[in-house]
Amino acid sequence: TDGIFGAKTVSALEVFLNTHWDAASTADDKLVASGNWSCDRTTRALQRYLDSHGDEAGLEKQELSVDGDFGAASTKALQTYLNMHWEDAAFQSDKLSVDGEFGALTVKALQT
């Protein structure tokens, strides 16, 4: 866990999304583990996964926009989801601050 959102982290995320494909996409063909975050399909798949787990991502009655733009709302949903699963994502004792900043601490939790 180095906190760098590089190709290795993106590839691992793509593998995770592929194993949860029913919640991550409406398409039949899964992601190619390319390690390319700028791939719109990877971003949308993560947004769709978080949206389908809305209660765990702090979304309650609102939907996450599945638009390929992983901005502050998507990042907050990811941070909330990681906090809800902190026993799996913990690399430190304190949970993440849900601030919408996709920084090194969020990446480290994602890498764990």
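1. Helix 3 (residues 40–52) and helix 4 pack at an angle of about 55°, their axes lying 10 Å apart. Axes are lines fitted to C-alpha atoms, for helices over the stretch in contact, and angles run from 0 to 180 degrees between N-to-C directions. Helix 3 is therefore oblique to helix 4 (under 35 degrees is roughly parallel, over 145 roughly antiparallel, 65 to 115 roughly perpendicular, the rest oblique). Helices are DSSP runs (H or I, at least four residues), numbered from the N terminus.

2. Gln47, Tyr49 and Leu50 of helix 3 make the contact with Ser74, Ala77, Leu78 and Tyr81 of helix 4 (contact: heavy atoms within 4.5 Å).

3. This is a predicted model, in which local features need pLDDT of at least 70, side-chain atom pairs count only at pLDDT 80 or more, and totals for chains, interfaces and linings use all residues. Residues are numbered from 1 along each chain as its sequence is written, and side-chain values use heavy atoms, with hydrogens and water left out.

4. In helix 6 (residues 104–111), the buried residues are Thr106, Val107, Ala109 and Leu110 (buried: under 20% relative accessible area, 1.4 Å probe, protein chains only). Seen down the axis of helix 6, these residues fall within an arc of 160°, so they line one face of the helix; the arc is that of the directions from the helix axis to the C-beta atoms. Their cover includes helix 1 (7–19), helix 4 (72–84) and helix 5 (86–89).

5. Tryptophan 86 is found in helix 5 and is buried, with a relative accessible area of 7%. Among the residues that tryptophan 86 touches are Phe91, Leu96 and Ala109. Tryptophan 86 and alanine 109 are 23 residues apart in sequence and 8.2 Å apart in space, C-alpha to C-alpha.

How values were computed
Buried < 20%, exposed > 50% of the residue type's maximum accessible area, 1.4 Å probe, protein only. Helix = DSSP H or I, 4+ residues; strand = E, 2+ residues; numbered from the N terminus. Lists of a residue's contacts leave out its neighbours within four places in sequence.
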